[in-house]
Amino acid sequence: MDSVSLAEVGASAQGADVKSMPVSQNGLSSELLEELAALAAEKVRGDGLRLMGEGGLLPELAQHLMQSALEAEMDEHLAAEAGRTGGRGSRSGGNTRNGYRSKKVMTEVGTVTVQVPRDRLGTFQPRMLPKYARRTGALDDLVISLTAKGLTSGEIVSHLAQTYGMTTTKETISTITDKALESMAEWRTRPLDAVYPVVFIDAVHVKIRVLSTIL
């Protein structure tokens, strides 16, 4: 979520209906941001505002967004299959929803639990959260970045617990870094092309004086 100043938006709009205008690249409106700001202010006056980790605001938002995305993917999948089979119900050869299965996912803002929808024919494969995925790609990138900075597996586990309230293990961290090492090994052992074109570009810088200014 980008940082947005509602005052600046209102000033630039010059009296327009600011609340109906999207103010971020993700389409977040100023009305939604104002509601989140009011919620944050209420939390601060109460028990305090916690962004990440257990009981944090961001994991709760991430959970709702991921759940909505999964529901949308299921609707799209069922609509596509209905178009191919000519019917939605199982009696007509189509596919239908078949309950949910609970899944705990580690994200870069903390651990969330989502209800992954199931279909009767078992053909639904969510793109956002693949079948056996237990982590988001952004979390993997974070672990690899911390590893590149010289942190050990134990230090990364401690950092994730203190910063994101996330409980993980050294084995999980090693699994993430091993995947990166496997990709590096594949790149190093890739077959080489017979010829690689190389272009050398050279330039000469000449100072020119124009109207007492050196360009």
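Reply: Happy to! At 16% relative accessibility, His77 counts as buried, because buried means under 20% relative accessible area, with exposed being over 50% and partly exposed in between (1.4 Å probe, protein chains only). Keep in mind that this is a predicted model, where local features need pLDDT of at least 70, side-chain atom pairs count only at pLDDT 80 or more, and totals for chains, interfaces and linings use all residues. Residues are numbered from 1 along each chain as its sequence is written, and side-chain values use heavy atoms, leaving out hydrogens and water.

Now for the setting. His77 sits in helix 3, which covers residues 57-85; helices (H or I, at least four residues) and strands (E, at least two) are DSSP runs numbered from the N terminus. The protein chain has six helices and four strands, in the order α-α-α-β-β-α-α-α-β-β along the sequence.

Next, the neighbours. Leaving aside residues up to four places away in sequence, His77 touches Asn95, Asp119, Thr123 and Phe124, where contact means heavy atoms within 4.5 Å. With Thr123 there is also a side-chain to side-chain polar contact of 2.9 Å. A polar contact is a pair of N or O atoms within 3.5 Å; within protein, one must be able to donate a hydrogen and the other to accept it, and residues adjacent in sequence count only if both atoms are side-chain atoms.
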